[in-house]
Amino acid sequence: MELRQIQYFIEVAKREHMTDAAEALHVAQSAVSRQIVNLEAELGVDLFIREGRNIRLTPIGHMFLEKMHQAMDVIEQAKREIEECLDPEKGTVRIGFPSSLAAHLLPTVVSGFRKQYPYVKFQLHQDSYHSLIDSVIKGEIDMALLGPLPTEERRVKSDILFMENLVALLSSNHPLAKKTSITLDDLRSDSFILSPRGYILRDIVIKACKQRGFEPAVSFEGKDIDAIKGLVSAGLGVTLLPDITLVDSLPRSTVKIQIVEPRVTRAVGVIIPRDRELMPTEILFYNFLKNFFHTLSGYQ
């Protein structure tokens, strides 16, 4: 079994079409077909069911695909480890982040790191909160920036980088718009614009409101921060957002107001896998992260 055969098999399985796979691999279709036939002959099983121009995996093919993904991950990991041991300052960091940390925090951190280590490469992966945790556990990414940090997931190790307040975002026409600070109770009768169910920011807001004895009336939902901001800007409701999401991008016709009673906060930090040692380049960035926020008083 050759590495090339495995690469061709994975591409064909993904696209379920020989021609499309060949184009993606930049080789002739006959070469892809021949390698798949040779692989099936060596294994003594059919990996695909042929249906005219289209093909799909057999049950054994599905099992083989899962194992080959694991094998390729191991090979890629080994290559990275060798490269980074030779020169950690030219390796790659695969880091995940949610939308709430994408606009300001991540670019600030990466820019600061690249000033010290200009040849380190980054693979950036934006996803939802729970998907990022799962990706770190599976080894699909090296680490993830999150807020809040998971407290009950024992398969990752968490480090708090800073504590952050959530603030109220209101339309500039809102009766409370000229206030310098408000309480959460002041918004009791308002319509809220929140993330959909299952999103961690929604959970934080709902929990804070319930602790004050009410459940917010949710009039609209937005899957990302910009969508929520836009709905507030249109005067369709109020929301609570992490302060960092409004640093450089306060929407038009809106105001940001501090919430003083109670203070709604989240711990922002980094998670890494507990059962895997970080590689040299990952260690460089991981240590940089912790030192960066330790010395940057604006994030305390």
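**A cavity and some local features**

Biologist: How many cavities of 30 Å³ or more does the count come to?
Modeller: This is a predicted model, in which local features need pLDDT of at least 70 and side-chain atom pairs pLDDT 80 or more, while totals for chains, interfaces and linings use all residues. Residues are numbered from 1 along each chain as its sequence is written, and side-chain values use heavy atoms, without hydrogens or water. A cavity is a set of points on a 1 Å grid over the protein atoms alone where a 1.4 Å probe fits but cannot get out; points are joined across faces, edges and corners, and volume is the space filled by probe spheres set on them. By this rule the count is one.

Biologist: Which elements give two or more residues to the lining of the largest cavity?
Modeller: The largest cavity has a volume of about 40 Å³. Its lining residues (an atom within 4 Å of a point) include I193, R202 and L240. With elements taken as DSSP runs (helices H or I, at least four residues; strands E, at least two; numbered from the N terminus), the contributors are strand 8 (191–194), helix 7 (200–211) and strand 10 (239–242).

Biologist: Is T254 buried or exposed?
Modeller: T254 lies in strand 11 (residues 254–261). Buried means under 20% relative accessible area, exposed over 50%, partly exposed in between (1.4 Å probe, protein chains only). Because T254 has 9% relative accessibility, it counts as buried.

Biologist: What is phi of H26 near?
Modeller: H26 is in the loop between helix 2 (18–25) and helix 3 (29–43). Most residues other than glycine have a negative phi. For H26, phi is positive, near 60°.

How values were computed:
1 Å grid on protein atoms, 1.4 Å probe; cavity = no way out; pocket = protein on both sides within 12 Å on 5 of 7 lines; lining within 4 Å.
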